[in-house]
Every structure is written in C-alpha cells, then in structure tokens.
Amino acid sequence: MLGLGKKDVTLFLIVAVLALFAPFILNPFPTDSGLAQFNAGYPDLMQRFVIFGILAIGFNILFGLTGYLSFGHAAFLGVGSYAAVWMFKLLSMNVIPAILLSMIVAGLFAVVIGYVSLRRSGIYFSILTLAFAQMSYNLAYSVLTPITNGETGLQITLDDPRILGVSATADGGIPVTNLFGMEMRSFETLTLGPWEFQFSVGYYLAAIIMLISFYVAIRIFRSPFGMMLRAIKSNQNRLYYTGLNARPYTLAAFVISGMYAGLAGGLLACMDPLAGAERMQWTASGEVVLMTILGGAGTLIGPVLGAGFIKYFENIFSKINDQVVHGWVSFLPDGLEDLVVGLIHPFVGKGWHLTLGLLFMLIVIFLPGGLVEGGQRIARRLRRKPAKDDAKSASTTPAE
Amino acid sequence: MDAIILQILNGLDKGSAYALIALGLTLIFGTLGVVNFAHGALFMIGAFCAVTLNRLLTLSHQVVDETRTDFLGNPLKVDVPYVQDLFGESLGASIIDWSVPLAILFSIPVMIAIGVIMERGLIKHFYKRPHADQILVTFGLAIVLQEVIKQIYGANPIPTPAPDAFRGSFDFGVLLGFDPNAIIYPYWRLVYFAFAAVIIGAVFAFLQFTTFGMVVRAGMADRETVGLLGINIDRRFTIMFGLAAAVAGLAGVMYAPINSPNYHMGMDFLVLSFVVVVVGGMGSLPGAVLAGFLLGILESFASMNEIKSILPGIDQIIIYLVAIIILLTRPRGLMGRKGVMED
C-alpha cells in the first residue's frame, strides 16, 4: 500500500491512528479528577508534539542515516518561523503560502550552510554547524533587526499590508491565521460524561502535515537514496573507493532535513504568529538532538516518540509544584512527608531540566538506541523466556 | 595607535579565558581522545567555587553593638563574620576582601576531585564509543551540572568583588608614554591576564620539564607503546583530566569579578572555546593558546566603532566567521597535526 512494505504500513497506520485520535488518547482522565493535570489533550501541547515531531523526523534523516551530528538545526527552525511571519505580514493570513515559503527559505539556507559545513565531517561538522547557527542567532539579534525585529520578536501588526488579505478585521482586530477561512485557533469541544475533548483546527492541520512528513521519511529510509546515506554512515571511504561521491548525497540529506526544520518553524508560526531569535539559539538545537537520541536515532518512530516524550514531560513536570507533591504523599507522617517533598523538589517544577539532563545521560549510557531499543529489549526478553526453556530441555536431553 | 593598544588590552582578558578553557579541552582531547562538552560547566563551577568561599567566609552571627544605635535608639545588631572572631577584626576583614584569590587554593583540590570523579565514573566508559556518544553524554552532564548549580545558587548572577586593592582602573597609557586618559584599563583584567599567562606557562613547563609530563606526552603520541613499556598510562591520563578540570576551574575563579557568575556562563564560553580549539587545531596545545588570544583580540577589534560603522554586526559574528574561513582553508586548524581527528 502506498509503496510501503507490510511492516511500514502497520507502523504508519499506528502513527496515523495515534495522531488523529490524540485528543482522546491524551485525555484519559476526567476533567475534574485529581489526575487531570496529567492530561495532555489540549490543542496547544498537542500541536507542539507533532510540530517538534516533524523537526525530529527531519533531524533524524540527517543524523540517523548519515551520522552527521548537526548542532545548529535550530537555525532552520528560526528561519522558517521568520519566513512564515513575513508571509503573514505581506501576503495574507492563509497558512499555505507561509508554510511553503518557510520550507523554501529554510531549504535555501540549508544549501548554503550545508555546502560549506559538509566539507568537513565528525566533530568539525558539528562545530561548523554550531558556528553558523550561533552566527545567525547573533545576527538576528543585532544587525538584522529590520528583518527580525530583534529582541521583541517579529509579530504581525495592524498596519501590515497583507496584499491578498485584510490589514485589520472588520472590528479593528488583527486577523488570525487560517486555512481558507478555518481559523487555526478555533476548536470544537465534545463533552462525554466527565470527559471533555478538544478538537482544534490547528492541531489537525499540523497532525496531517506530520503524517505526510512521516510518510516521506519512510519512503526516504527505504529508498536507494536512503541506502546510500546509510552507506555514508558506515564507511565513507569505501564509498569513495567504489567511485561514488558522497557529498551530493549528504548535501541532499542536509537540505531535506533543513526543510523539515523550516516546515516545523513555519507551523509554529502558524499556530502562534510570532517569531523570536531564541528559537535559533544553540540550546534549541541541543533540544532537537535530545529528542532524537532519546527516542532512538536511526529508527523511524524514535524521533516522534522522543519529541512527544520531552514535550509532554516538559509541560507536565514543570506544572508539578511542591503543593502537588504534598498532595501525593500526604498519607505519610509529617516529618517523612517533608523529607520526601524535599527530595522530589529539585526534580520537578522549575527543576525539570535537571531531570531531563539525568534522563538523557542515562539513555546515552545504558540505552544508546533510545526508547525504541528499550522497547525492543523488553519485547525480546518477554519473547525469549519461553524459548529459552525449550532450548534448555532440547540441549540437555541428548547429553543425558 | 593608542586605540589599537587599548583594543589589544581589551581582548586580552577574554582571550585569556578562551585560552585557558581551550587549553583544558585540548589536554583532554589530546590525552584521552574525548570531546568534553562539559568543560564549560567546569569553568562555571570554578566561578562558583569563588562564590562559595566568599559565602563561607562571610558566614556570620549577630552581635549587639552597644556603641551604635538604630533609629529607634535601641542598640544596633551587627553581623560579625566568624572569620573575624578567629583572626581578629582587621585580618578577618582582609581575608574576606581577598576571598577571590583565596578561592584559587580552595578550588584546586575541588576541581581536581571533580575532574577525577568525572573521568573515572563516567568518561572512562566512553573511550570505545563513537565521538558522537561522547559529545552527547558530556552534553547531558553539562546540563545536569548547570541545573544543580542553578538549584543551589539560584538563577541570578552573583556579584563577587575583587579585592579592594585591585578594584578600579589605572592609566596604562602613561606607562607607554601616551597622553593621560588615553588608555584606561581595569587592574583586575591585567591581573587576570598575568594569572592566565602563569597558568599556561606552568602547564607547559609541567609537560615539558617533568618526567610525568614526558610520559604524558609520550602517551599522547603513542598510547599503546607506552602501555607496553609497563607504564600505567591510564592513571596518568586520569590525573591529566583532573588537571585540565583544575585549569578550567581556575579560569572560572578568577573570572568571577569580571563577570558575575551565573549558571549558564559555562555554556556561553563553551561554544566559543570549541571554536577556539578547532581554529587552533584539534589536539595542539600551543594552537589552542594562540587561537584563544587571537580570537579574543579579534573580537575586541571588531567591536570598535570605526569597524562597526563599516561592517555593522561584525563584532557579533567575527569569531564564527574566522572559524569558518580557517576550517575551510586550513582544515587542521592553525597548528593541528596530521592524523588527529581526520575521520
């Protein structure tokens, strides 16, 4: 189906179902129950899941397949956002031209950066991309202020021209981003008993684009082009000896990956038409790396999982404050309760980055393949147990 | 002419910091072959060593001072640091005043211990793993260290003053025969530069003139052969890691008065220090030092108004621009050797 193998179809369908039914799946707890804070089914967060999923899928095409570790991927995200917001300012509030332009601009940007950076590999490549990203970040803050609006960030205003749209709505407000009239931020609420589900236009647009990107990524992974990229990862010299030039392939991977990041940036701007330079900072690039590694670099589903995982815990963990923890452990005696709260305190709320750092270290140390490898190991262990017993009995019988 | 000298001087203190961090990075890379993304965090911890010592020394208890009264006429309560009880009032006060230089002594054992624990506990397990894994795990460690410091000391920068004697600026131009007020330079920055020069000299002397240093250099050149000669090269490399951590820490301690320590200062310096290492040439100690000073001075030249008016924004990107040009024209960096990180 769709030119995919049987396994890939299953994988794609699983992701599609998860993405399309996310408002249900992520909202397992009734609205007024104590566990409602663990619900992630509100549009804002779900949008971030899928958008950062796109970013991580794109990063994985570069890092997972070719092994080139780019530490400047956020630059493309930022450029994409700026391009999209400019489109909102100049053309219209329709998201289609904004998304297209953000991909094109990020792609061009990636051609330039990739052409230079890919002359070197390994750590040098990482540092070159880092240097380019920091350069863009610094420029966005200083000289390029007319384009980027510096520290304030680029935003849409009432006196923007918007040739194909309107500068201001009838009641004098700033028009909102839309897809042929469907406003991105509008949503339908469905109430089922104690549950409440929200279906937002913005989320479904982002989810469908994510599914398309995921499909393209599967096709790339399974294509001869993908094989070539894997060959670059495993042994570039051998590739040269067989008379193949790796550079065009890596550059193509870099540009594709940059366009994915641009797309993600454009989508971010569609959901909230605002672009700031901090999106390009190297910590943002680091976050993409974290997502991909956490999920499992080089696997199809890993980056999406990683992105969802990090964004979910970022939101949920940082909401847990001391009072919430007190609520959980209130059954303990007073002194013990304070002790437990004191122990948990550094890791939740504002300390979420500490948890993230620790988790990331543990993953790199013990599970280099990320969550996907963890899942595979568990599955193998579950499957191996009965098989092991069979082997034992089979091997012992003839010996006796 | 005086403007040029002023810019060179201005670049020296940042250049010194870059050089010291890059030196440590290169030491670690040259000996253990590990790309340490947590090195900036070590620099930051060094700066917080100064903060910690300052706080320890100013620990105080309240005493009722009968001779003074507050605005209600009651006897005033004054904070008296324990140090003043121990050493007497004037000596105690000057100990507190000199807390930053004293922190040098305090930080060396702390930093060496942190370095050795880091190497034995974590990085040892990553020698056989790909460079990408080393980058990732040390990056994670950097996040953890940074967040721990943030938990303890909060997110705001903590002003840590230099000793009174070095506060303020002096007229450097007069020494060189320029007009007064042409070159005004803060004392502490000069101290920082001198300190950096001493540390760099000490590290080079240690490697060049001691037996230990000779073995380490031999190990850098050919680890296996040195191991086959019956020398425990791993232990020496561990010590070198501790030493590199101490160099970064000392750079941080002395930098505390220049820039109030905050938890992300390490990351800010790390990115630049990596660029410095790469420009200098991976694995080349003189290259790291040279590139550190060079880039520091170039940065300060680029922030001159005359240059900014021709090329706006150049001060923000000069370092990266230079790095890109150097990497493309001299792929091994200024003084890189053949065969180091070629893959």
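In the predicted model, strand β4 (residues 187-192) of chain A lies largely in the open, because the number of buried residues among its six is zero. β4(A) is paired with strand β5 (residues 195-200) of chain A in the antiparallel sense, and six bridges join the two. Two residues separate the strands of the hairpin, where A:G193 adopts a positive phi near 60°.

Helix α11 (residues 233-255) of chain B, by contrast, is mostly covered, with 19 of its 23 residues buried. From first C-alpha to last, α11(B) reaches 33 Å, close to the 33 Å expected at 1.5 Å a residue.

The largest nonpolar core comprises 223 residues, of which A:I54, A:L55, A:A264, A:L267, B:L23, B:V247 and B:V275 touch the most other members. When neighbours within four places in sequence are left aside, the contacts of A:I54 are A:I209, A:M210, A:S213, A:Y260, A:L263, A:A264 and A:L267.

The contact between chains A and B involves 33 residues from chain A and 31 residues from chain B. On the side of chain A that touches chain B, at least two residues each are supplied by α6 (122-141), α12 (282-295) and α16 (352-366) of chain A. The most is given by α6(A), with 12 residues. In composition, this side of chain A divides into 22 nonpolar, nine polar and two charged residues.

Methods
Residues numbered from 1 in each chain as written. Chains lettered and ligands numbered in written order. Predicted model: local features only at pLDDT ≥ 70, side-chain atom pairs only at ≥ 80, totals over all residues. Helix = DSSP H or I, 4+ residues; strand = E, 2+ residues; numbered from the N terminus. Expected span 1.5 Å × (residues − 1). Buried ≥ 20, exposed ≤ 12 C-beta atoms within 10 Å, placed from the backbone. Contact = placed C-beta atoms within 7 Å. Nonpolar A, V, L, I, M, F, W, Y, C, P; charged D, E, K, R; others polar. Core = buried A, V, L, I, M, F, W, Y, C linked by C-beta atoms within 7 Å. Pairing = 2+ DSSP bridges.
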